[in-house]
Amino acid sequence: MNDELHSDLARVLVPEETIQAHVKVLAHQISQDYADVERLYLIGVLRGAFIFLADLVRQLTIPHSVDFMSVSSYGKTAVSGEVRIVLDLREPITNQHVLIVEDIVDSGRTLSYLYKTLSGRQPASLKTCTLVQKRREQIDVPVHYLGFSIPDVWVVGYGLDYADQHRTLPYIAELKEEVYKK
Ligand code: PRP
């Protein structure tokens with residue numbers, strides 16, 4: 001696979017087959033954990049989570065609904081900084097069983113903000129699911145379902161982008177340092 005890598009990419013970190021296998025495992029686990037609830041309300045965090053969420057929900061065997069939120073943040077690499085909602089949910093989540101679905105937890109700022117904000121809306125339960133989480137200094141936020149723990153490098157693919165590029169790669173790859181440092 002490395003032979004076909006785009007010149008921006010250093011290496012494949014998580015191959016397509018590994019992602020797909022893990023998505024199935026996560027969906028199975030989630031389906032079991034929520035087997036007794038009337039409906040699971042999944043919230044995808046745009047834009048990065050749309051591919052993961054699309055694959056995940058198609059493997060669920062329980063009743064569910066999907067909605068999306070979008071936030072913007074400033075000072076991307078810092079653990080502190082402002083996050084604000086730019087697209088909110090269509091409906092209230094009061095008394096709903098809610099699962100936030102992210103593509104990546106990097107500083108943890110986005111997930112932490114969403115977790116706190118949605119906790120305040122009185123859901124019946126609130127959990128989080130992320131495909132990848134970086135091993136780095138991070139805001140403390142509960143991650144209930146995790147696909148992969150990855151090193152602290154810039155990653156792209158499977159929803160993750162660099163300047164809106166490489167988002168639709170079927171695998172997760174490390175971006176060469178020279179690309180984002182130039
Ligand atoms: C990315 C990603 C997460 C967030 C994680 O979104 O999709 O939502 O960053 O980073 P954090 O843990 O440091 O908050 P981004 O703001 O790049 O927007 P995008 O999903 O639209 O690409």
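Which polar side-chain atom lies 3.0 Å from an oxygen atom of the ligand? I found that this atom belongs to D161. I kept in mind that the model is predicted, with local features needing pLDDT of at least 70 and side-chain atom pairs counting only at pLDDT 80 or more, while totals for chains, interfaces and linings use all residues. Residues are numbered from 1 along each chain as its sequence is written, and side-chain values use heavy atoms, with hydrogens and water left out.

I then looked up the backbone, where a polar atom of G48 is 2.8 Å from a ligand oxygen and a backbone N or O atom of D106 also lies 2.8 Å from an oxygen of the ligand. The protein covers 84% of the 500 Å² of accessible area that the ligand has on its own (Shrake-Rupley method, 1.4 Å probe).

For the shell, I noted 15 residues around the ligand (a heavy atom within 4 Å), the closest being E102, D103, S107, G108 and T110. Eight of the shell residues are charged, four polar and three nonpolar, with Gly counted as polar. Strand 5 (97-105) and helix 3 (109-119) each supply at least two shell residues, and strand 5 gives the most, with four.

How values were computed:
A polar contact is a pair of N or O atoms within 3.5 Å; within protein, one must be able to donate a hydrogen and the other to accept it, and residues adjacent in sequence count only if both atoms are side-chain atoms.
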